[in-house]
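Hi,

Here is the structure I promised to pass on.

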Amino acid sequence: MHHMKQQTTKTWLGAAVAATALALAALPAQAGKTMDAIKARGQLVCGVNTGLPGFSAADSQGNWTGLDVDVCKAIAAAMLGDATKIKYVPLTAQQRFTALQSGEVDILSRNTTWTLTRDASLGMNFIGVTFYDGQGFMVPAKGKVKSAKQLKGATVCVQSGTTTEKNLTDFSRANKLDIKPVVFEKVEAANGAYFSGRCQAYTTDASGLASYRKQEAKNPADHIILPELISKEPLGPVVRRGDDEFFAIAKWVVFALIEAEEYGVTQANADQQKTSTDPVVQRILGTSEDTGKLLGLDKDWAYRAIKAVGNYGEIFERNVGEKSSLGLPRGVNGLWNKGGIMYAPPVR
């Protein structure tokens, strides 16, 4: 008898949970203070790097460019109808999280690694990965070193108090390389030491190595970045917790840029693609069903983002790709169906 009663309770609970879920499903995502503030001021406030060419850097006129900058432009275009409605706030590594927590910026798009600690303890949400990076090594091209495994007993310049330093020690120990770290507190000092020949190699995120090589080397071709990466550094934009609607918009703008590349929608052909009969292209460009209303936007949200900055592949190539001054291969940042791991949930 007791057993029967338990079953009934379970069924009743199940029904109650299902009913609640249905009621919740009908509610829009929680719009918080961030969304309201962006709409009221008609401007997105975007936290960026103080200067990392390829990712975010300003020219002498104060025009910002870079992969991280383009993410903000795409979001502003989707939300506000204009990719120029952005205030850029340059932030150091130390300032970045406080600036987001305090509401000084709406979004942090600043070569920031997604880790458990940052995601779970700082009151923030990572919206996705815009660049899969990893710690690498740079060496003079004239040397014989073609692989990081050949750095036995080598002196390696590294910044102190970073995951980079710890990763280097772990890598050296695991491969019995007896690497000699030459440690600097400031990145400028580490750069200077490597480029003046004080160390046989330099280690930091591979994208950073490419950027420093462009900035600091007398002749960038004199330095090569070795193929191995010794850590995972998934970089992506971050928003504050507590505003589900803005979180959803930021996330899906990035996904739409990736899916646009997968389906061949570019900055140049977005208008003619509006006549496409491909159901995926129709959904992205808003010519069939309206995906925007679920995000609190209009049907042209993704079309505007693509028109403003191009699809993910175009953003990559223009800012950091093989033909850019950084000259990074697409590598793991290639689409999932082209040998990379860049993969977006479907816009549908």
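Before the details, one term: a disulfide is a pair of cysteine sulfur atoms within 2.5 Å. Please keep in mind that this is a predicted model.

Searching the whole structure turns up 2 disulfides. One joins C46 to C72, with an S to S distance of 2.0 Å. This link is right-handed, with 65° about the S-S bond. C46 sits in strand β1 and C72 in helix α3, so the pair ties together parts that are 26 residues apart in sequence. Buried or exposed, these two cysteines? Both C46 and C72 are buried.

The other pair is C157 and C199, whose sulfur atoms are 1.9 Å apart. Their link is right-handed, again with 65° about the S-S bond. C157 is in strand β9, while C199 is in the loop between α7 and β11, 42 residues away. Both C157 and C199 are buried.

Now for the pockets. The largest pocket has a volume of about 1300 Å³, and 45 residues line it. Nearest its centre are A93, R96, R110, Q159 and T162. Several elements give two or more residues to this lining, including α4, β9 and α8. Which one gives the most? That is α8, with 5 residues. By class, the lining has 10 nonpolar, 24 polar and 11 charged residues.

The second largest pocket holds about 350 Å³ of space. It is lined by 19 residues, and A206, L229, L328, P329 and G331 are the closest to its centre. Here β7 and α8 each give two or more residues. This lining has 11 nonpolar, 5 polar and 3 charged residues.

Enjoy exploring!

Definitions and conventions
Residues are numbered from 1 along each chain as its sequence is written. This is a predicted model: local features need pLDDT of at least 70, side-chain atom pairs count only at pLDDT 80 or more; totals for chains, interfaces and linings use all residues. Side-chain values use heavy atoms; hydrogens and water are left out. On a 1 Å grid over the protein atoms alone, a cavity is a set of points where a 1.4 Å probe fits but cannot get out, and a pocket is an open set with protein on both sides within 12 Å along at least five of seven lines; lining residues have an atom within 4 Å of a point. Grid points are joined across faces, edges and corners, and a volume is the space filled by probe spheres set on the points. Helices (H or I, at least four residues) and strands (E, at least two) are DSSP runs, numbered from the N terminus. Ala, Val, Leu, Ile, Met, Phe, Trp, Tyr, Cys and Pro count as nonpolar, Asp, Glu, Lys and Arg as charged, and the others, Gly among them, as polar. Buried means under 20% relative accessible area, exposed over 50%, partly exposed in between (1.4 Å probe, protein chains only).
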